Amino acid sequence: MLFRRCASRQSLGVRRSGEAVYDGACRIQSRKRVLVISASICGLHEKPTETQRAFVNVGLLTLSPNVRGSVLEAATRNIVRDMYPRAAIEDALPGLCVNGVQRSQHMANYDWLMDGRRVECKSSALSWESNRKSWSITFRGIKAARMGVRAQSAFDELILSFCSPRRLYIYRHDGAYSFSTNGVQSLWSGDLIRIRGPRNEVDWQLALRNILAKLDGSRNGCERLADVPLWDDRISEAIQQASCVRHLAYVGVPLSTLDPSTRALRIHCMMREVDTMLYPKASFTDPELHPCIDGLARGHWQSQQDYAWVRDGLRVQCRSAGMTWDMTNKRWYVRFSHIRFHLFDELKLAIWSPAGIFVLQHNMKFGVSKSGSGTALAGHCITVTARCNDHDCVLALRCILQKLDDASCALVAQLNWP
C-alpha cells in the first residue's frame, strides 16, 4: 500500500485542545482520518528538469529566489564598486509607502545610490521553459515609467545581473530593450524583461551564446559591465553572508533544488491526487479556461487558472507555500498568496516543510489579509506565524499546524519524507 489511513488516539507529543496532537517529528495522531501518503505516488521524485541538470552542484541555485536575489544584488554591487573605485556608492533612501508609513530598507524603490543616481539591480538565472522548449532569462518587478501606469521611473539606471551554470553576467540596460508588460500585475508589481534563446535548443551553452549575442547586439544600447565565474570571492562572500536560517533548514529537503514554479506544479499534482484519494467516488474534471480580461486565451498552466479542478461541481483551488524565516521578528511563518476567494468554492493549502508536505482544508477566513494596492487584482494572502525567537523549524511547524487546527482548518493529508 502506498498510502494508509491513520486514526490513532494516542498522544505522542504536546497535547492540545481539539482533535489532533503533533509529535516532535510533526507527524499527526488524529481522531479524524488523515491520509498518509508516499512521495513516490504523486510524482514528487520525477526525473530532474533541464534547469536542474544544467545547474547540478551549483549551490547558488539551491537558495530560495529571495535569498538568491539578495546574493546576486550584493555581489553585483561589490563588483560595480570595484569597477568604479572613485564612485560614491551609498544605500538607498527607503522613502514612504503610499499610505505614508516609512518603508523598511529592503522595500526601497531602488537598490543603491551611485554618485547621486538611483540604481536598480534586477537578477535572474538561466532557466528552461518547458512549455516553449527554450532557455530564457527573466527580470521581474521593473517599475519604469510607462504611459497610463506610472508617470516616472523609480530609478535612474537599471542593472541586470544573471547567472549561468558557470558565470555571472552583469549588464547596464538601455531602458527599452525587450521590455514587456506583466498583464494586470504591471499596475502594482512592475513590468518584466525576458530574453529567450532559440526554440527546441536544449543545450544551455548554445542558448546562452544566443542570449548574450542579443544583449551585445548593435540594435540596443545594453552594455556588458562584467562577467565573472561563480566561484568569484565576491559571490562566495555574498552567499556566506546571506546563508539564512531558512536556507540551512531546507538543505537536502526534497524539492529544494527546484525553481518555485516547478515545485508548485508538482505539489499541485500531488494535491489533486490526494483529493481523488479522499473522495474516491467523486467526479473530477479540469477547470474551464475562460479568456483573460484582455480577451486573450488563457494558458493551461496553474497560474493562469481561476481554480485548480472541479469535484462534483465544486470548484476547488489549491495553494502551496514553504516556511519562511522573518529576520525582523525572528520567527517562522507561511504565506499563501494570489487567493481570489470569489473564483472558487473550496480552498486547500499545502505546507512544504523540512518534515514533509501537509495538506489542509482552509475555512476561507483564518489568517486572511489584503495584498496592498494590488488586492483587487492579485487577490488576498493567508499568513500563519509561529512563536517569536523559535529557531527550530520543526517546532515552528508544529505551532503553525496547531494554529490552523484550532481555527478549524482541518489537516486532510500528510506526506512524510523518506
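1. Two strands are said to pair if DSSP finds at least two bridges between them. Helices (H or I, at least four residues) and strands (E, at least two) are DSSP runs, numbered from the N terminus. With these terms in place, Lys122 has Leu160 in S10 as its bridge partner.

2. This is a predicted model, in which local features need pLDDT of at least 70 and side-chain atom pairs count only at pLDDT 80 or more, whereas totals for chains, interfaces and linings use all residues. Residues are numbered from 1 along each chain as its sequence is written, and side-chain values use heavy atoms, with hydrogens and water left out.

3. Overall composition. The protein contains nine helices and 23 strands. Of its 418 residues, 48% are buried; buried means under 20% relative accessible area, exposed over 50%, and partly exposed in between (1.4 Å probe, protein chains only). The protein exposes about 21,000 Å², of which carbon and sulfur atoms supply 50%; accessible areas come from the Shrake-Rupley method with a 1.4 Å probe, and for residues only the protein chains shown count as cover. Among contacts (heavy atoms within 4.5 Å) between residues at least 6 apart in sequence, 65% join residues at least 24 apart.

4. The six-stranded sheet. An open sheet is formed by six strands in the order S5-S6-S7-S10-S11-S14, with mixed pairing. Its edge strands are S5 (89-91) and S14 (223-229), each of which pairs on one side only. From one strand to the next, the twist averages 25 degrees; axes are lines fitted to C-alpha atoms, for helices over the stretch in contact, and angles run from 0 to 180 degrees between N-to-C directions.

5. Both senses of pairing involve strand S7. Strand S7 (residues 117-125) pairs with S10 in the parallel sense over seven bridges, and Glu120 has Leu158 in S10 as its bridge partner. Strand S6 (residues 112-114) pairs with S7 in the antiparallel sense over three bridges, with Trp112 opposite Val119 in S7. S6 and S7 form a hairpin with two residues between them, and Asp115 in the turn has a positive phi of about 55 degrees.

6. Helix H4 (residues 204-216) lies across S10, S11 and S14 and runs at about 20 degrees to S11. Ser164 is located in the loop between strand S10 (157-163) and strand S11 (167-172). Although in a loop, Ser164 is buried, with a relative accessible area of 1%. Neighbours within four places in sequence aside, the contacts of Ser164 are Phe55, Leu126, Tyr169, Trp204, Leu208 and Leu230.

7. Helix H2. Helix H2 (residues 65-83) has 19 residues and reaches 26 Å from its first C-alpha to its last, close to the 27 Å expected at 1.5 Å a residue; the expected span is 1.5 Å times one less than the number of residues. The buried residues of H2 include Val67, Val71, Leu72, Ala75, Ile79 and Val80, and also Arg68 and Arg77.

8. Arg234 is in helix H5 (residues 233-242) and is partly exposed, with a relative accessible area of 23%. Arg234 and Ala74 are 160 residues apart in sequence, yet 8.5 Å apart in space, C-alpha to C-alpha. Leaving aside neighbours within four places in sequence, Arg234 is in contact with Ala75, Asn78, Ile79, Asp82 and Val228. The side chains of Arg234 and Asp82 make a polar contact at 2.9 Å. A polar contact is a pair of N or O atoms within 3.5 Å; within protein, one must be able to donate a hydrogen and the other to accept it, and residues adjacent in sequence count only if both atoms are side-chain atoms.

9. Positive phi in two loops. Most residues other than glycine have a negative phi. Asn389, which is not a glycine, has a positive phi of about 65 degrees; Asn389 lies in the loop between strand S22 (380-385) and helix H9 (393-406) and is exposed at 59% relative accessibility. Ser408, also not a glycine, has a positive phi of about 65 degrees. Ser408 is in the loop between H9 and strand S23 (410-416) and is exposed, with a relative accessible area of 58%.

10. His342. This residue is in the loop between strand S18 (331-339) and strand S19 (346-353). His342 is exposed, with a relative accessible area of 60%. The C-alpha atoms of His342 and Gly379 are separated by 9.5 Å, and the two residues are 37 residues apart along the chain.
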